[in-house]
Amino acid sequence: MQNPNEDTEWNDILRSKGILPPKEKEVTEEEIVNMVEATIEEKQSKSGQQLERLSLDELDELEDEEDEKVILEYRVKRIAQIKAEAAKARYGEVREISAEDYVQHVNKAGEGVWVVLHLFKQGIPLCSLLNQHLSQLAVKFPATKFLKSISTTCIPNFPDSNLPSIFIYFEGDLKKQLVGPLEFRGMNITVDELEWILGQAGAVPTQLEEDPRPKVRDVLFSKLKCDDDLSDDNDW
C-alpha cells in the first residue's frame, strides 16, 4: 500500500481532491527554538506576577517547584522592599512638641521625611476632631511624622482665629500651610477628606483617587429626598 505521506505526484492529486488529508507541516529547528524561548519567557512572566504577591514563607515553599534562580531574585527583591518599608515605618503616632522641640523635629526631620504639624488649642471642637483624625492617619501612614503643638506654646501670640492650622514640611522645608477653619471644611470633615487633603500636598501616599467630600449635587439630592419623605409622612 502506498504511503499517504510520501511526496508523490499521485498523493498531491489526492490531497488536492480532498481524498487525502493535508500533509503535516515539518517544524524546523529554528521554529522549535523560538517556541521553547517563548514558552520560557511566558512562564517567567507569569511566575513573576504570582511571586510578587507571595510572602517570604510562601516563597520558601516554592523553592522545590519553581526555578531556583527566579525565586532567589524575587526573594532578594522582597527582602529589600520589607527592609525599606520597615526603615520608613518609624513613627505611627502623633507626638506633641514644644517650641524647643521644633528645630529638632521639624527642621532636622531628616532626608525623605514628611512632617505634618498641627497647631491647636484645647476647647476648640474642630481642633479636637482633627487631632482624632490625625491619630488614625499616623497609624495608617507610619512613614510620615505627625506632630501637634498648642499654638501659643509653639508660636507666641498665635491668633485663635487661625486655628486649627496645619503646616506640611518635607526635609525641613515648608511645602503647604492650611490656616483657619475654612481650610478644613468645618466640623463635617471626615478622616478620608483629611487624608485626601494631606495626600494632595504629598505628605501621605494616599490611595484615594478622588476627593471623598460629598458633591453639592449629592447633598441637594439628599435634602430633596428627605423633604419628600417628610411630605409623604404628613400626607399620612
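Is Arg185 buried or partly exposed? In this predicted model, Arg185 counts as partly exposed, because its relative accessibility is 22%.

## Arg185 and its salt bridges

The structure contains four salt bridges. One of them joins the side chains of Arg185 and Glu193, with an N to O distance of 2.9 Å. Glu193 has a relative accessibility of 3%, so Glu193 counts as buried.

Arg185 also forms a salt bridge with Asp211, where the closest N and O atoms are 2.7 Å apart. Asp211 lies in the loop between H8 and helix H9 (216–235), whereas Arg185 lies in the loop between strand E5 (173–179) and H8; the pair therefore ties together parts that are 26 residues apart in sequence. Asp211 is partly exposed, with a relative accessible area of 22%. Through shared partners, the salt bridges join Arg185, Glu193 and Asp211 into one network.

## The packing of helices H6 and H8

Two packed helices are described by the angle between their axes and by the distance between those axes. For helix H6 (residues 125–140) and helix H8 (residues 191–201), the angle is about 65° and the axes are 10 Å apart. This angle makes H6 roughly perpendicular to H8, since the range for that description is 65 to 115 degrees.

The crossing of H6 past H8 is right-handed. On the H6 side, the contact is made by Leu130, His133, Leu134, Gln136, Leu137 and Lys140; on the H8 side, Val191, Leu194, Glu195 and Leu198 take part. Sorted by class, the contact of H6 with H8 has six nonpolar residues, two polar residues and two charged residues.

Lys140 and Glu195 form a salt bridge, their closest N and O atoms being 2.9 Å apart. Because Glu195 lies in helix H8 and Lys140 in helix H6, the pair ties together parts that are 55 residues apart in sequence.

The accessibility of each partner can also be stated. Glu195 counts as buried, at 2% relative accessibility. Lys140 is partly exposed, with a relative accessible area of 48%.

## Ser151 in helix H7

Ser151 is found in helix H7 (residues 151–154). Its relative accessibility is 0%, so Ser151 counts as buried; the cut-off for this class is under 20% relative accessible area.

When neighbours within four places in sequence are left aside, Ser151 is in contact with Leu119, Phe120, Lys121, Phe158 and Leu163.

Technical notes:
Residues numbered from 1 in each chain as written. Predicted model: local features only at pLDDT ≥ 70, side-chain atom pairs only at ≥ 80, totals over all residues. Heavy atoms only, no water. Axes fitted to C-alpha atoms, helices over the stretch in contact; angles between N-to-C directions. Helix = DSSP H or I, 4+ residues; strand = E, 2+ residues; numbered from the N terminus. Parallel < 35°, antiparallel > 145°, perpendicular 65-115°, else oblique. Left-handed = near helix turned anticlockwise from the far one by under 90°. Contact = heavy atoms within 4.5 Å. Nonpolar A, V, L, I, M, F, W, Y, C, P; charged D, E, K, R; others polar. Buried < 20%, exposed > 50% of the residue type's maximum accessible area, 1.4 Å probe, protein only.
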